[in-house]
Amino acid sequence: MEGTVFTPSLEGMQHIRSPQGEMLTKPFLDVCKLILPVIDKFGTAMALVKRDIGRNTSRLEKKYQSDPFRYNFLYNMVKEEYECKSAKGSTSCTNGILWLTRAMDFIVELFHNLLAHPDWSVTDACTDAYGKTLRKFHGWIASSSFTVAMKLAPDRKKFMEVITCKGDVRADMEKFCLTFPPYLEENHKFLIRNYLLKLEEHVEMRQTAWV
């Protein structure tokens, strides 16, 4: 069966966990990058999201490449920064994981909306997804910029035609929405469990991206 634009990401998810069930750095980052070609199809509307995903994956990849053995497991970066009391820094890997996960939460919710609401425009789907995921973490400037960008979303029919060039794209989009969220939820739970996402830290870290 011919693959779709989602096939690379779906195949990549099979390698995210180690045999012991731990989150592996490179496979997780690869999946986040492999979805970028799909995001590209949204055009200018997703420029801010794409930039944020790219910036955070690059930061985390650079750390991983500095010592692949040491940072083979994604959360080793967080543990190290937490011990050094540098986790809250705006350029920390902890902050990178946090914002990358939030951005991917938005992407999943957007795809979910496109599947669940066939009568919605792409702008409607983006706006609803943004309200459920990223809006509460953004300041006025970032929120306003995103609102303007969403108005540039492509026509729904044309967008679906572009990404449906081969394979059953709706089925794979649904698989993506079902398969990827557990990994994102694990990231959130890990950060919460390690006291990195307390309410006061949300306030401190909310302005460190999208500017």
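Trainee: Why is Lys-175 called partly exposed?

Mentor: The term rests on relative accessible area, found with a 1.4 Å probe and protein chains only: buried means under 20%, exposed means over 50%, and partly exposed means in between. Lys-175 has a relative accessible area of 46%, and is therefore partly exposed. Before we continue, please note that this is a predicted model, in which local features need pLDDT of at least 70 and side-chain atom pairs count only at pLDDT 80 or more, while totals for chains, interfaces and linings use all residues. Residues are numbered from 1 along each chain as its sequence is written, and side-chain values use heavy atoms, with hydrogens and water left out.

Trainee: In which helix does Lys-175 lie, and which residues of that helix are buried?

Mentor: Lys-175 lies in helix α10. A helix here is a DSSP run of H or I with at least four residues, a strand is a run of E with at least two, and both are numbered from the N terminus. Helix α10 covers residues 169–179, and its buried residues are Val-169, Asp-172, Met-173, Phe-176 and Cys-177.

Trainee: What covers the buried residues of α10?

Mentor: The cover includes α1 (7–13), α6 (93–116), α9 (156–163) and α11 (181–193). It is judged by contact, which means heavy atoms within 4.5 Å.

Trainee: Why is Cys-93 said to be in no disulfide?

Mentor: A disulfide is a covalent bond between the sulfur atoms of two cysteines. In this analysis, a pair of cysteine sulfur atoms must lie within 2.5 Å to be called one. A search of the whole structure finds zero disulfides. For Cys-93, the nearest cysteine sulfur, that of Cys-84, is 12 Å away. Cys-93 has a relative accessible area of 5%, so this residue is buried.

Trainee: How do you know that the sulfur of Cys-177 is too far from another cysteine sulfur for a bond?

Mentor: The closest cysteine sulfur belongs to Cys-126 and is 13 Å away, so the distance is too far for a bond. Cys-177 has a relative accessible area of 13% and therefore counts as buried.

Trainee: Why does Tyr-64 count as buried, and which residues does Tyr-64 touch?

Mentor: The relative accessibility of Tyr-64 is 16%, so Tyr-64 counts as buried. Tyr-64 is placed in helix α4 (residues 47–66). Not counting residues up to four places away in sequence, Tyr-64 touches Thr-25, Lys-26, Tyr-71, Asn-72 and Met-77. Tyr-64 and Thr-25 are 39 residues apart in sequence, and their C-alpha atoms are 7.3 Å apart in space. Thr-25 is one of the buried residues of helix α2 (residues 25–34), and what covers those residues includes α4.

Trainee: How do you know whether the size of the protein agrees with that of a compact globule?

Mentor: The radius of gyration is taken over C-alpha atoms, and the globule rule is 2.2 Å times the number of residues to the power 0.38. For 211 residues a compact globule would have a radius near 17 Å; the protein has 17 Å, so the two agree. The protein has twelve helices and zero strands, and 48% of its 211 residues count as buried.
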